[in-house]
Every structure is written in C-alpha cells, then in structure tokens.
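Subject: Structure handover

Dear colleague,

Here is the structure for your files. My notes on it follow below.

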Amino acid sequence: FFFGCSNWQLVLLLSKLLCSVLGQERKIFIALDDLQWADPTTLELVKDVLISICQCPEERQRLVFVGMYRDNEVSSHLTSFTTSFGVAGGVVADVTHVKLSTLSLDDVIEMIMTEMRLPRRLVSELADVVHKRTHGHALFVVQLLNSLVSDLTISYSPLLHRFYWDQDNVCTLNTADNVASLIVSNLTSLPIGELQCLRIISCFGMQVHIDLLELLEVFKMAPQGGFGLYLRNLCDQGIIEVISTLVVFTHDLIQEQVYKIIPLKERQQLHCEIGIFLGSKTSLGASSEHKPIDAAMDQLYLSDVSDNEETHIDASSLVAIATSQINHAGPEFFSDRSQHIRFASWNFCAGKNAADHSSFRAALHFYKNGIAFLSHDLWLEDTYELCLKLYEGAAFSSSALGENSQIVMYANGIINNVNLEDSLVAQSLLIGSSSVLGKYTESVARGIAVLRQLKFDIPATQTPVVVMQTIERTEREASMYNFSQIANNQKRGDTKAIKILKLVDSIVAACYQIASPWLPLVACETVRYSLQNGIHAESASCEF
C-alpha cells in the first residue's frame, strides 16, 4: 500500500489514518521496543508522525506512545528522537521518562520473604545466590525461584512447618544461558578498569588461579589499582565468582564474549605480554633466549619459583602457563626469527616437563607448537638440536598416547633429516609402532637393517648352522671375562650406546612375538657389543 511513497507522503498517510481512528473517540496504545536498534530513517518517520498527531488537541489526548530502549546503547539519532517531545523539544506533549533498573538484593529478599512467609534471617543467603545468578533481572528471578520449587530444591517441610532448602545445593547453581546473554549485552558499558580485568582473566580461559592474578598485579597491562579493586564488584554483578583459590566466569558464554570483543591484534599482543611477563618469573625469560637449550633446561629445573614470595604457583605450572600464552599469540604474531627460536625452546621445556609428569597429551601439544614456531627454520644449523628434541618428544608422546600415525609422521621427520646416530630414538619408536600394529616382520626387517648400518655383524642368513656357530663364537668371547670383570665394566653416560641398546630392545620384542630365527643372532651380537662398549641397564634385554 505504501510502495513508492515518499517519506513525507508516508508521514501524511499514517498521521491521517491515526487521527481518523482517534477522531472516532477510539484510544490507541503504541509500543515500540528496542529502539536502540532502529535505524535513523525509522526514528525520523516515527517522530514526524507523532509530531503531526500532537498538532491535533483532541486526538492527541487519546494516544499513548511507549518507546523502550537500552540506555547503554543510545545513539545520537535516538538521543535526538527522545528530546524532540515536551516543552524542551518544542512539541507540546506529556512526556514521562521511566528508568527501569534491576532488582536490588533487598528487593529479592523482600520478594522471597513475602512469598514464603519467612523472616529475613532465613532467606538472606538464598536471596543472595538468586540475585547473583539472575543479575537482578525480575523475570529471571521469578523463573529461577519457580524452577527451584519445581525440582524440589525448595520444598515445604511438614516437620519445620515452613519452606526449606539445602543452602549448599543452592550455592552450586549455574548461571542460566538467558542470564548470561543479558550480562554479555551489558559488557561494553562496564568501567574500563573492570573490562580490562575481565579481558586479562579471559586470556586464561574459564578460570584462573587467584595467585596468578596477584603475580600479575605489577604487570604493565593490569588494570589500574590491581585486580583486587574490581573483583568484588564483578562478583556482585554475577559476571565472575571466586571459588576457593580460583576466579571463575559464571558462564562460558560470558568468557567467550569478553574474549571475542578484544580485537585480534590487541588480543595477540595481550597474550604475548602476559606470556613474556610470566616467563620472566621463571628461568625461561632472558636466560633461555641466548643459551643452548640444554643449559636453559638445567637452569629451569634449578630455579624453583615456588620459593618466590610473590606466588605459590610451582615453577612447572608457571612455565606451562607462560608458554601457553605465547602459543595463543601464535607464531605469525612474531616476525623476528630469534623470537621464533626462543619460543620454540619454551615449548620444548614445557613439553619435557609435562612428559616427566606423564601428561603426554599436554606434552604433545607443546611439542607441536614448538615445531610450528620453527616451521620456516627446520633442521638448519642453529636449530638442528632443538628440532631433533622437539620431534623426538612429539614422537615419544604420540607413542605413549598410542597414536601410531603421529609416531610415523614425527619419526620419519627425524629419519629423513638427520644422520643415523641421531635417528636411533626415532628408529626405535618406529619399530615399536609397527609392532603395536602387528607388523612384526616389518619391524624385525627394519631393525636388522639399522643394526647392519651400525656395523653389527648380523649374518645374511639365519639357518640353524649359522645360529649355532654364532652362539658358540659369542660363548667363547664371553668366557674370556669373569664375573668381576663384567660387573666392573659398567658404563654410564654413553648416550649412543644406550640408544642402540634401546633399539635392540624393540627389535628383540618384535622377534619374540613371531619366534623369529633372527632373535638369537641379534642377542649374540648385542652381548658382544656390550662386552666391547660396557654394560648398561639396557643390556639386560638380551639376557634370556
């Protein structure tokens, strides 16, 4: 009907229509919600229609217009709209401004007291939980109280002759999705200090240890006055809560939104600054930037951050947290090659620590991130050792988790880029992976080939005659040593020998599974190797 009308034609038509209805002594009530989202053209149209009706003294007496909007999202167009009526706006109309606020804690207490016919002292704790979980929103307060009655969390006790509830159960209530959505819609109106506090907390996920926030008090991007200044108010608003030693978001939707409203570059910068700051509290900081990785690791474990009066967080946890922050910033955020190498070494430290505590999933995550930081600098002269350790750690962690495809990928990544001696750990893991999949023949064949490359004198055939001749030769050589000589021939710290003997162990296990005729030949040659290069704990694998 209004297609093709100009704005003034539309104003005239709507005005005449409404005035005609009002002229019949009919009353009209118009309510428009969410005016904060209305575009300028719509607001201008509504204003012009209302102004036109206000020119009719009789008709305007029978019209009521209610416009509703959120006062934290007011645009300049909406401000112009709201000030156009009344004496100040030059249009004669009765204007009433009603500001609807959320229910206070006292309001909720009064509501529960009235409904349950109970004194204030009995309902105050319940009211406090309900107020925090609903953000004081009247509709949500009613919904929550009704749900507590429906699921019998609150029920009438004939014994006590009143309504009764378990306060501990009430305290475990979760913030509902609709309440979380309401809180999210008001986030941008928070004071800058509270918002910065939430932004930093959101960088750690759903929760953060309160000791960590105390450590961050002197962080340059911390809110002015420290976190403690804002936590109480944020708790009162139902955005976060303090549970024992943890500061926790009341709903994952709130954490997600707080995190998302941080611009990407600013978010990466924040993660970077937090990571570097926390890393400086461990020996990961400047010490690992210029030292060889083994030296940095030694210092890391000699440095006990738990002795630092600033925090009760242990060194290993702080290393993992600092490294995770750097990983959230991502390799692409750092353009300096030395930074890539530095943070790859951080990931190695964190991964090794996680593996030492049998947390192999976390270890694999750190090793993968370390490799990602070196993606453009893999296997170069100055990153060779670090690459080897990261790939070995990833392969070993994958082995512990039983992820065979990952083992093959990382083990082959080593084998294809290093010399034979440096590939021994990868070879061992690869043989073990094939054995787990039941590929014992393949495992034995690979193992024999590697041993021959290591100059083990493995015969070309495994006929009974060859086997007996090899056993007799080994027996003659072993008889040249008495027990004391063998016992005193123990060697420590020979890394190559230990790697070779671990490789033999994986070969022996595969041979045993299929009763391979290569088993005695491998065992005999291992005995000879141990006699020549010293006895190690790993030598026991061939004593059957």
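A crossing is called left-handed if the near helix is turned anticlockwise from the far one by less than a right angle, and right-handed if clockwise. Helices (H or I, at least four residues) and strands (E, at least two) are DSSP runs, numbered from the N terminus.

The model is predicted: local features need pLDDT of at least 70, side-chain atom pairs count only at pLDDT 80 or more, and totals for chains, interfaces and linings use all residues. Residues are numbered from 1 along each chain as its sequence is written, and side-chain values use heavy atoms, with hydrogens and water left out.

Overall, the chain has 26 helices and 7 strands. Of its 544 residues, 44% count as buried (under 20% relative accessible area, with a 1.4 Å probe and protein chains only). Among contacts (heavy atoms within 4.5 Å) with a separation of 6 or more, 69% come from residues 24 or more positions apart.

Two helix pairs involve α19.

Helix α19 (residues 384-401) and helix α20 (residues 404-415) have axes that come within 8 Å and cross at roughly 155°. α19 is therefore roughly antiparallel to α20 (over 145 degrees). Axes here are lines fitted to C-alpha atoms, for helices over the stretch in contact, and angles run from 0 to 180 degrees between N-to-C directions. The crossing of α19 with α20 is left-handed. On the α19 side the contact is made by L388, Y391, E392, A394, A395, S398 and S399, and on the α20 side by Q406, I407, Y410, A411, G413 and I414. By class, this contact of α19 with α20 has 8 nonpolar, 4 polar and 1 charged residues. Ala, Val, Leu, Ile, Met, Phe, Trp, Tyr, Cys and Pro count as nonpolar, Asp, Glu, Lys and Arg as charged, and the others, Gly among them, as polar.

Helix α17 (residues 337-356) also meets α19: their axes come within 10 Å and cross at roughly 35°. α17 passes α19 in a left-handed crossing. I341, A344, S345 and F348 of α17 make the contact with L386, K389 and L390 of α19. Those residues divide into 5 nonpolar, 1 polar and 1 charged.

Strand β3 (residues 154-157) pairs with strand β4 (residues 162-165) in the antiparallel sense over 4 bridges (pairing requires at least two DSSP bridges). S157 has R162 in β4 as its bridge partner, and Y156 stands opposite F163. The hairpin has 4 residues between the strands, and H161 takes a positive phi near 60°.

Regards

Note on methods: Parallel < 35°, antiparallel > 145°, perpendicular 65-115°, else oblique. Buried < 20%, exposed > 50% of the residue type's maximum accessible area, 1.4 Å probe, protein only.
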